[in-house]
Amino acid sequence: MSKFLTGIDHIQIAAPPESEDKARKFYGELLGMEEIPKPENLKGRGGCWFLCGSQEVHIGIQQDFMPAKKAHPGFTVNALEQLKLRLEVANYPFSEELPIEGRSRFFTHDPFGNRIEFLEFE
């Protein structure tokens, strides 16, 4: 059987209508992701896109939005404790769960209530 999958191009995180400014503040300013332009034919849908390493994070507007409480992206970082402090100063509480061998991690929620994980490999 051939291997069809070669990687992940992007993840999409849902957000409520008219939440682009909050997304830019959290994903862009707080987390430091670079905003990238959406294709012209998709701009009318709202939302915004960011670059995270070589992958993209798409914040998509969902009319009947409900935050993801279990499903979540896991972002790798190179200064986990500094990020934790930055989130704490910005009033984003975090929680730590069972460790995974070889990596430290914690969880928070974006401004829309979606669960987000941050990991640093040891």
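Figure 1. Helices (H or I, at least four residues) and strands (E, at least two residues) are DSSP runs, numbered from the N terminus. The model is predicted, with local features requiring pLDDT of at least 70 and side-chain atom pairs counting only at pLDDT 80 or more, while totals for chains, interfaces and linings use all residues. Residues are numbered from 1 along each chain as its sequence is written, and side-chain values use heavy atoms, with hydrogens and water left out. Within α1, the buried residues are Glu20, Ala23, Phe26, Tyr27, Gly28 and Leu30; buried denotes under 20% relative accessible area, exposed over 50%, and partly exposed the range in between (1.4 Å probe, protein chains only). The cover over the buried residues of α1 includes β1, β3, β4, α2, β6 and β7. Contact, here and below, means heavy atoms within 4.5 Å.

**Figure 2. Tyr27 and the largest nonpolar core.** A nonpolar core is a set of buried Ala, Val, Leu, Ile, Met, Phe, Trp, Tyr and Cys residues joined through side-chain atoms within 4.5 Å. The largest such core has 23 residues, and Tyr27, Leu31, Ile59, Leu87 and Phe118 are those with the most contacts inside it. At least two residues of this core are supplied by each of β1 (10–15), α1, β3, β4 (55–61), α2 and β7. Helix α1 provides the largest share, four residues. When neighbours within four places in sequence are set aside, Tyr27 is in contact with Ile13, Gly32, Met33, Phe50, Ile59, Asp110 and Ile116.

**Figure 3. The buried and exposed sides of helix α2.** Leu80, Leu83, Lys84 and Leu87 are buried in α2 (residues 80–89). These four lie on the same side of α2 because they cover an arc of only 105° around the axis, the arc being that of the directions from the helix axis to the C-beta atoms. An α-helix has 3.6 residues a turn, so residues three or four places apart point the same way. Glu81, Gln82 and Val89 are exposed on the other side of α2. Among the elements covering the buried residues of α2 are α1 (20–30), β6 (103–109) and β7 (115–121).

**Figure 4. The open sheet of β5, β7 and β6.** The three strands follow the order β5-β7-β6, with mixed pairing; two strands pair if DSSP finds at least two bridges between them. Strands β5 (74–76) and β6 stand at the edges with a single partner strand each, so one side of each has no neighbour in the sheet. From one strand to the next, the twist averages 25°. Seven bridges join β6 and β7 in the antiparallel sense, and Arg103 stands opposite Phe121 in β7. Helix α2 lies across β6 and β7 and runs at about 15° to β6. For these angles, axes are lines fitted to C-alpha atoms, for helices over the stretch in contact, and angles run from 0 to 180 degrees between N-to-C directions.

**Figure 5. Cys48 and Cys52, two cysteines without a disulfide.** A disulfide is a pair of cysteine sulfur atoms within 2.5 Å, and by this rule the count comes to zero. The closest cysteine sulfur to that of Cys48 is in Cys52, 14 Å away, which is too far for a bond. Cys52 is likewise in no disulfide, its nearest cysteine sulfur being that of Cys48. Cys48 is buried, at 1% relative accessibility, whereas Cys52 is partly exposed, with a relative accessible area of 23%. Cys52 belongs to strand β3 (residues 48–52). Residues up to four places away in sequence aside, Cys52 touches Met33, Val57 and Phe75. Cys52 and Phe75 are 23 residues apart in sequence, and their C-alpha atoms are 8.4 Å apart.

**Figure 6. Two loop residues, Glu18 and Asn91.** Glu18 is in the loop between β1 and α1. Although not a glycine, Glu18 has a positive phi of about 60°, and Glu18 is exposed, with a relative accessible area of 76%. Asn91 is in the loop between α2 and β6, just after α2. Asn91, a residue other than glycine, has a positive phi near 65°. Asn91 is exposed, with a relative accessible area of 67%.
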